[in-house]
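Hello,

Here is the structure I promised to pass on. Please open it first, then read my notes below.

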Amino acid sequence: MLLGIPNLLDVRTINGLEIYTFKSEKFMALMVNDESRFLMVMTGGHTVKEAIIKALDGIKNKEFYPVDENLNRIERK
């Protein structure tokens, strides 16, 4: 677990996916790296459990899309 990181609420692994949950005013979920093994979730007013469920539902429903270094959406070809 990564201790001392501001706003880090929870770290857990589900089916090999490492999920880091942070306190935030807006909900956001980011898949980190091409291997899709790390997920960062910002709660956005949800509980940790609600935010993780919302993020996992987004993965299941293929709602994730690539972004650039400024978090701007990259259109798929």
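Of the 77 residues of the protein, 21% count as buried. Buried here means under 20% relative accessible area, exposed means over 50%, and partly exposed lies in between (1.4 Å probe, protein chains only). This is a predicted model, where local features need pLDDT of at least 70, side-chain atom pairs count only at pLDDT 80 or more, and totals for chains, interfaces and linings use all residues. Residues are numbered from 1 along each chain as its sequence is written, and side-chain values use heavy atoms, with hydrogens and water left out.

First, the overall layout. The protein has one helix and four strands. Along the sequence they follow the pattern β-β-β-β-α. Both kinds of element are DSSP runs, numbered from the N terminus: helices are H or I with at least four residues, strands are E with at least two.

Next, the sheet. It is open, has four strands in the order S1-S2-S4-S3, and its pairing is mixed. S1 and strand S3 (27-32) are the edge strands, each pairing on one side only. From one strand to the next, the twist averages 15 degrees. Axes for such angles are lines fitted to C-alpha atoms (for helices over the stretch in contact), and angles run from 0 to 180 degrees between N-to-C directions. Two strands pair if DSSP finds at least two bridges between them.

Now the individual pairs. Strand S1 (residues 8-14) pairs with strand S2 (residues 17-22) in the antiparallel sense, over six bridges. Threonine 13 has glutamate 18 in S2 as its bridge partner. Two residues lie between the strands of this hairpin, and asparagine 15 takes a positive phi near 50 degrees. S2 also pairs with strand S4 (residues 38-43), in the parallel sense and over five bridges. There, threonine 21 stands opposite valine 41 in S4.

Then the contacts. Among those with a separation of 6 or more, 22% are between residues 24 or more positions apart. A contact means heavy atoms within 4.5 Å.

Last, the surface. The accessible surface of the protein comes to about 6000 Å², and carbon and sulfur atoms hold 51% of that. Areas come from the Shrake-Rupley method with a 1.4 Å probe; for residues, only the protein chains shown count as cover. Which segment holds leucine 71? Leucine 71 lies in the segment after helix H1 (48-60). Leucine 71 is partly exposed, with a relative accessible area of 47%.

Best wishes
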